[in-house]
Amino acid sequence: ISIPSSFLGKYANHSNLIIMKVNGDSMNKIIPDGSLIGILPYETSYDIEDGDIVVFNDESYNYSVKRYYKVDSKIIFKPESTSPIFT
C-alpha cells in the first residue's frame with residue numbers, strides 16, 4: 001500500500017518500515033484493536049530500552065505487541081489492557 005509521507009513524518013524515508021494490523025485487546029489502552037502500526041526493526045536487542053513498545057513472535061509466527069522491560073536477567077513483555085485477563 002502507499003502511505004503519504006506527511007502521515008509517516010520522520011519515518012517517511014525508512015525503507016525497512018513494516019506496517020501491521022493489530023488484532024486483539026492486550027494493548028488496547030494505547031493501541032485499539034484493528035489499528036495499523038508501523039514497525040522499525042532493531043539492529044540488536046541492545047537497542048531496545050525499558051518501556052519500549054515492541055513486536056515479537058513466539059517462533060511459530062504468532063506476533064504480539066507489548067511493552068518491553070528487562071529486570072535482572074529476565075525479559076518481561078507487559079500488556080496495557082483494560083481487560084484483567086492479560087498479564
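Predicted model: local features only at pLDDT ≥ 70, side-chain atom pairs only at ≥ 80, totals over all residues.

Reader: Which helices and strands does the protein have, and in what pattern do they follow one another?

Author: Helices (H or I, at least four residues) and strands (E, at least two) are DSSP runs, numbered from the N terminus. Here there are 1 helix and 5 strands, and reading along the sequence gives the pattern α-β-β-β-β-β. The C-alpha trace spans about 40 × 30 × 25 Å along its principal axes, and 21% of the 87 residues count as buried.

Reader: Where does Ile1 lie, and which residues form a nonpolar patch with it on the surface?

Author: A patch is made of residues with over 30% relative accessible area and no salt bridge, with like charges joined within 9 Å and nonpolar side chains (Val, Leu, Ile, Met, Phe, Trp, Tyr) within 5 Å; accessible areas come from the Shrake-Rupley method with a 1.4 Å probe, and for residues only the protein chains shown count as cover. Ile1 lies in the segment before helix 1, and together with Ile19 and Leu36 it forms a nonpolar patch on the surface with about 370 Å² of accessible area.

Reader: How many salt bridges does a search of the whole structure find, and what does the pair tie together?

Author: A salt bridge is a side-chain nitrogen of Lys or Arg within 4 Å of a carboxyl oxygen of Asp or Glu. The search finds 1 salt bridge, formed by Glu80 with Arg67, whose closest N and O atoms are 2.3 Å apart. Glu80 lies in the segment after strand 5 and Arg67 in strand 4, so the pair ties together parts that are 13 residues apart in sequence. Glu80 is partly exposed at 21% relative accessible area, whereas Arg67, at 19%, counts as buried.

Reader: What is the volume of the largest pocket, and which residues lie nearest its centre?

Author: On a 1 Å grid over the protein atoms alone, a pocket is an open set of points with protein on both sides within 12 Å along at least five of seven lines, and lining residues have an atom within 4 Å of a point. Grid points are joined across faces, edges and corners, and the volume is the space filled by probe spheres set on the points. The largest pocket holds about 760 Å³ of space, and of its 29 lining residues Gly38, Ile39, Leu40, Ile53 and Val55 lie nearest the centre. The elements that give two or more residues to this lining are helix 1 (5–8), strand 1 (18–21), strand 2 (36–39), strand 3 (53–57), strand 4 (63–71) and strand 5 (74–78).

Reader: How does the lining of the largest pocket divide by class?

Author: Ala, Val, Leu, Ile, Met, Phe, Trp, Tyr, Cys and Pro count as nonpolar, Asp, Glu, Lys and Arg as charged, and the others, Gly among them, as polar. By these classes the lining of the largest pocket has 26 nonpolar, 3 polar and no charged residues. The second largest pocket has a volume of about 210 Å³, and among its 16 lining residues Val22, Asn23, Tyr63, Ser64 and Val65 are the closest to its centre. Its lining divides into 9 nonpolar, 4 polar and 3 charged residues, and the largest share, 4 residues, comes from strand 4.

Reader: Which residues other than glycine have a positive phi?

Author: Most residues other than glycine have a negative phi. Among those with a positive value are Tyr61, with phi near 65°, and Asp72, with phi of about 55°. Tyr61 lies in the loop between strand 3 and strand 4 and is exposed at 67% relative accessibility, while Asp72 is found in the loop between strand 4 and strand 5 and is exposed at 75%.

Definitions and conventions
Residues numbered from 1 in each chain as written. Heavy atoms only, no water. 1 Å grid on protein atoms, 1.4 Å probe; cavity = no way out; pocket = protein on both sides within 12 Å on 5 of 7 lines; lining within 4 Å. Buried < 20%, exposed > 50% of the residue type's maximum accessible area, 1.4 Å probe, protein only.
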